[in-house]
Amino acid sequence: MNTVESLGYLKGLLDGLDLDNKNGAKIYKAIVDVLENIVDDIDDIHEEINAVEEQVDAIDEDLADVEDYLEDECCCDDDCCCGDEDYEIECPSCGTTFSVDADTVDEGGIECPECGEYLEFDLDGEEEKTEK
């Protein structure tokens with residue numbers, strides 16, 4: 001028996017005892033009234049929980065759409081995270097090859113660790129330029 005059915009059974013027992021003319025009847029009826037209020041409150045809470053669940057599901061769907069959009073807009077073709085890719089650079093002055101990360105490329109340039117020549121990066125995908 002669920003709570004609503006149990007409460008109905010209790011009310012039926014109370015009515016069947018014919019306590020209307022006795023002193024304890026008011027107490028029993030007050031207890032049943034409180035139980036009815038508790039059942040009503042629990043029903044309201046269940047309705048609110050269902051509404052929140054629907055909102056969370058909608059937010060989850062929206063987030064999935066945003067994730068799909070961001071994956072489609074990724075600037076790289078492999079499974080790397082944008083910005084974590086390393087680039088091999090060869091200094092045109094001394095021929096030293098070294099690696100730089102995407103953040104360094106975004107900064108626009110770096111000094112060669114071997115000869116100190118400043119290498120400027122073209123962010124349009126062209127080879128690096130040197131500048132003195």
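User: Over which residues does pLDDT stay under 50, and how many contacts beyond four places in sequence does the model have for them?

Analyst: pLDDT, the predictor's confidence in each residue on a scale from 0 to 100, stays under 50 over residues 126-132. For these residues the model has 17 contacts beyond four places in sequence, a contact being heavy atoms within 4.5 Å. This is a predicted model, in which local features need pLDDT of at least 70 and side-chain atom pairs count only at pLDDT 80 or more, whereas totals for chains, interfaces and linings use all residues. Residues are numbered from 1 along each chain as its sequence is written, and side-chain values use heavy atoms, with hydrogens and water left out.

User: Why is I27 called exposed?

Analyst: Exposed means over 50% relative accessible area, buried under 20%, and partly exposed in between, with a 1.4 Å probe and protein chains only. I27 has 55% relative accessibility and therefore counts as exposed. I27 lies in helix α2.

User: What makes I27 part of a nonpolar patch?

Analyst: Patches are made of residues with over 30% relative accessible area and no salt bridge; nonpolar side chains (Val, Leu, Ile, Met, Phe, Trp, Tyr) are joined within 5 Å, and like charges within 9 Å. A salt bridge is a side-chain nitrogen of Lys or Arg within 4 Å of a carboxyl oxygen of Asp or Glu. I27 is one of the patch residues, which also include M1, Y9 and I42. Together the patch residues have about 1,100 Å² of accessible area, by the Shrake-Rupley method with a 1.4 Å probe, where for residues only the protein chains shown count as cover. Helix α2 (25-72) supplies at least two patch residues, as does α1 (3-16); the largest share, seven residues, comes from α2.

User: How do you know that β1 and β2 are paired?

Analyst: Two strands pair if DSSP finds at least two bridges between them. Five bridges join β1 (residues 86-90) to β2, and the strands run antiparallel. D86 stands opposite D101 in β2.

User: Which residues of β2 form the covered face, and which the uncovered one?

Analyst: In strand β2 (residues 97-101), F98 and V100 form the covered face, while T97, S99 and D101 form the uncovered one. In a regular strand the side chains alternate between the two faces of the sheet.

Definitions and conventions
Helices (H or I, at least four residues) and strands (E, at least two) are DSSP runs, numbered from the N terminus.
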